[in-house]
Amino acid sequence: MFESLKKKFSRTSDKLEEELIEEAQEENNLEEESGKKFSFFSFGGKDKKEENDSESDVAEIPQEVESIQETDNSDDETSDDKDEKSGFWSFGKKSSDNKEEPREEEESAEEIQEEEEPKKSHFWSRNKEEDTEESEDADEKTEEKKSRFWSRNKDNDSSEENDEDEEPSGMFSFITAKTISEKHLEDILWELEMGLLEGDVAMEVASAVVDSVKDNLVGRKIKRSNDITEYTYNALRNAVAEIIDIPGKSMTEMIEAKKAQGEPLVVMFVGINGTGKTTTIGKLANYYLKKGYTPVIAAADTFRAGAIEQVNYHADKVGVKLIKHQKGSDPAAVAFDAVEHAKAQGKELVLIDTAGRMQTNTNLMDEMKKIKRVAKPDLVVFVGDALTGNDATQQASKFNEAIDLDGVILTKADADSKGGASLSIGYVIKKPILFLGMGQGYDDIKEYDADWMLNQLFSESGEEVNINEA
């Protein structure tokens with residue numbers, strides 16, 4: 001998910017690092033340090049990684065000692081003891097002296113062969129892999145001469161960061177600490193803002209992210225290159241955290257509150273055609289059935305051909321009651337009857353399906369307002385397609401102006417590589433995202449969690465998304 005935004009965030013960190021290192025290089029204020037440079041997305045897990053590395057180093061010491069002891073004391077040990085101690089380091093050893101002698105001869109023969117091979121191969125029988133390695137070494141030496149310590153290819157985005165086969169780029173420190181100024185950030189933040197807009201992030205959201213990052217970074221003193229990655233990572237993460245965390249109660253909490261009053265929670269769904277509104281209602285009915293609640297669905301889209309049959313199909317599949325009237329009947333009457341049925345039967349949740357409409361269609365928008373007046377829903381939820389990006393945000397804004405939305409559900413979020421709608425829609429209309437559609441099955445829906453979303457935006461590329469995560 002959100003691969004486009006991830007690359008833009010990572011590139012911001014890389015560009016700032018390049019800017020500061022190149023300036024320090026010109027000032028003779030740069031020196032190479034021992035250690036490994038952390039990539040942008042692995043930065044959050046570096047402490048854990050270092051801890052694991054140190055544990056593995058400690059674990060290797062007794063194995064080596066044990067191997068030496070086994071070799072020195074081989075004559076004094078019984079064959080049973082050797083079998084118990086035999087492991088990676090003693091693999092291939094035989095307890096019998098007679099069987100060790102041929103092995104030594106083989107080893108010596110192999111050593112002789114290895115010594116002879118370079119003489120035979122010389123330059124003419126060199127294989128292609130050696131050619132490639134030597135040419136790469138030559139290229140690296142040339143680049144080092146040109147740019148001293150810094151030889152990163154500026155045109156390469158983040159593919160090198162994720163390539164474990166390549167050697168780490170190393171870590172650098174500044175002899176005199178560098179201070180990040182507005183001059184260092186001017187071009188970098190402009191590039192970030194343009195990148196966010198290209199990723200379908202709303203203008204006001206892109207500006208808010210850029211301003212927050214600027215305020216966070218300007219004046220920071222940098223001693224080593226990893227500090228740049230750390231500060232940029234935290235600045236971007238904090239900026240996005242403020243954007244996506246819109247306070248609001250979850251639908252489950254509201255069901256419980258209404259249940260305590262002896263009333264059902266009434267939810268009305270609105271949006272344009274084709275966003276997956278009816279399918280989402282089926283998913284929510286299934287979601288709350290599994291939580292122990294009893295939903296009822298109102299087929300209040302009475303004009304679109306096949307709409308009643310479509311919602312009826314989902315209701316049958318999931319196993320919930322559907323309240324419907326004849327095609328062309330009053331949608332507000334259907335919604336009212338569904339609410340009365342839920343009250344009479346003690347059901348906790350009413351899900352009202354309405355006709356899809358463009359935000360510019362005045363007549364259909366007026367009809368939607370009538371349904372709201374009659375059914376008196378506790379929640380009016382806009383269902384938007386995450387793949388439409390900034391269009392979904394603009395649609396939500398228009399619906400919010402017309403009917404005052406209470407929340408948003410984004411469908412197809414699992415296929416959203418840009419992430420513009422997920423990042424923008426709640427912030428622009430100041431209403432929370434309630435659920436994310438994560439696939440085509442009835443179980444493929446996830447209650448929105450800002451922390452989970454933040455981790456998706458700042459995780460390594462290629463991580464799997466688990467919709468069942470808490």
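**Helices α7 and α8.** I looked up how helix α7 (residues 203-217) and helix α8 (residues 225-244) meet in this predicted model, and I found that their axes come within 9 Å and cross at roughly 140 degrees. At that angle α7 counts as oblique to α8, because the label roughly antiparallel is kept for angles over 145 degrees. I also noted that the crossing of α7 past α8 is right-handed. On the α7 side I listed Val-205, Ala-208, Val-209, Ser-212, Val-213, Asn-216 and Leu-217 as making the contact, while α8 brings Tyr-231, Thr-232, Ala-235, Leu-236, Asn-238, Ala-239, Glu-242 and Ile-243. Sorted by type, the residues of this contact are 10 nonpolar, four polar and one charged.

**Nonpolar cores.** I then turned to the largest nonpolar core, which has 77 residues, and wrote down Ile-244, Ile-352, Leu-423 and Leu-436 as those with the most contacts inside it. Helix α8 gives the most to this core, with eight residues. For Ile-244, leaving out residues up to four places away in sequence, I recorded that it touches Ser-422, Leu-423, Tyr-448, Ala-450, Met-453 and Leu-454.

**Thr-280.** Last, I checked Thr-280, which sits in helix α10 (residues 277-290). Beyond its neighbours within four places in sequence, Thr-280 is in contact with Val-383, Ile-409, Thr-411 and Ile-445. For the pair Thr-280 and Ile-445 I noted a separation of 165 residues in sequence and of 8.2 Å in space, C-alpha to C-alpha.

Key
Residues are numbered from 1 along each chain as its sequence is written. This is a predicted model: local features need pLDDT of at least 70, side-chain atom pairs count only at pLDDT 80 or more; totals for chains, interfaces and linings use all residues. Side-chain values use heavy atoms; hydrogens and water are left out. Axes are lines fitted to C-alpha atoms, for helices over the stretch in contact, and angles run from 0 to 180 degrees between N-to-C directions. Helices (H or I, at least four residues) and strands (E, at least two) are DSSP runs, numbered from the N terminus. Angles under 35 degrees count as roughly parallel, over 145 as roughly antiparallel, 65 to 115 as roughly perpendicular and the rest as oblique. A crossing is left-handed if the near helix is turned anticlockwise from the far one by less than a right angle, and right-handed if clockwise. Contact means heavy atoms within 4.5 Å. Ala, Val, Leu, Ile, Met, Phe, Trp, Tyr, Cys and Pro count as nonpolar, Asp, Glu, Lys and Arg as charged, and the others, Gly among them, as polar. A nonpolar core is a set of buried Ala, Val, Leu, Ile, Met, Phe, Trp, Tyr and Cys residues joined through side-chain atoms within 4.5 Å. Buried means under 20% relative accessible area, exposed over 50%, partly exposed in between (1.4 Å probe, protein chains only).
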